[in-house]
Amino acid sequence: MGLSGIDWAYFGAALAASGGGIGSAIGITIVSHAATGVVSEDSEKFGRILPLAAMPGTQGIYGFITALLVFIFFGVFDGSVDLSAHEGLRVFFSCLPVALVCLVSGIYQGSTAVGSAGMVARRDEDAGKALIFPALVETYAVFSLIVTIIMMLYVTAG
């Protein structure tokens, strides 16, 4: 017994949500270790450190958005699911860019943000510059979401 189209679509949605969520959880944990150290030394820096700690959370949002788009585009919410196994497999492959890239980029964004937290600890006036380095990692998560959406639109076009 093979997987049906909706089974493949659910599998892709689950991978996207899980990969993004895992990457975000690990990334936030990594940067939070450094962030709490900085804030424990100077609680006035909390507002400057918080964006660095929250930034890896976007990968989880991209995974969540991808799963929602699968449900919306392919009729899960309105009960009109009609996917062949081939179409479902294409939906599954559409979800892989977000699932894989967000898993890895969330972790590396957290690692990059640790260095940025150290920068804020030493040079409070460079807090804006410190956001740039983790944001560079974010670029690839955004690209993966764009590729996933384009691929899903291609599947919906037939």
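The legends below describe close-up views of salt bridges and aromatic pairs in a predicted model.

Residues are numbered from 1 along each chain as its sequence is written, and side-chain values use heavy atoms, leaving out hydrogens and water. Local features need pLDDT of at least 70 and side-chain atom pairs count only at pLDDT 80 or more, while totals for chains, interfaces and linings use all residues.

**View 1. A salt bridge joins aspartate 124 and arginine 48.** A salt bridge here is a side-chain nitrogen of Lys or Arg within 4 Å of a carboxyl oxygen of Asp or Glu. In this pair the N to O distance is 3.4 Å. Arginine 48 belongs to helix α2 (residues 46–54) and aspartate 124 to the loop between α4 (85–122) and α5 (127–156), so the contact ties together parts that are 76 residues apart in sequence. Helices (H or I, at least four residues) are DSSP runs, numbered from the N terminus. Aspartate 124 is partly exposed, at 26% relative accessible area, and arginine 48 is also partly exposed, at 38%. For these labels, buried means under 20% relative accessible area, exposed over 50%, and partly exposed in between (1.4 Å probe, protein chains only).

**View 2. Arg123, Glu125, Asp126 and Lys129 are linked in a network of salt bridges.** Arginine 123 pairs with glutamate 125, with 3.3 Å between the closest N and O atoms. Arginine 123 is partly exposed at 44% relative accessibility, whereas glutamate 125 is exposed at 58%. Aspartate 126 pairs with lysine 129, and here the closest N and O atoms are 3.5 Å apart. Aspartate 126 is buried, with a relative accessibility of 8%, while lysine 129 is exposed at 51%. The model has 4 salt bridges by this rule.

**View 3. Two phenylalanine pairs are shown, the one of phenylalanine 71 and phenylalanine 77 and the one of phenylalanine 73 and phenylalanine 74.** Rings of Phe, Tyr and Trp (its six-membered ring) pair if their centres lie within 6.5 Å; planes under 30 degrees apart count as stacked, over 60 as edge-to-face and the rest as tilted. The count comes to 8 aromatic pairs by this rule. Phenylalanine 71 and phenylalanine 77 have ring centres 5.8 Å apart and planes at 70°, so they are edge-to-face. Phenylalanine 71 is partly exposed at 21%, and phenylalanine 77 is exposed at 58%. For phenylalanine 73 and phenylalanine 74 the centres are 6.2 Å apart and the planes at 75°, so this pair is edge-to-face. Phenylalanine 73 is partly exposed at 29%, but phenylalanine 74 is buried at 8%.

**View 4. One aromatic cluster is formed by Trp8, Phe11, Phe92 and Phe93.**

Terms used:
Helices (H or I, at least four residues) and strands (E, at least two) are DSSP runs, numbered from the N terminus.
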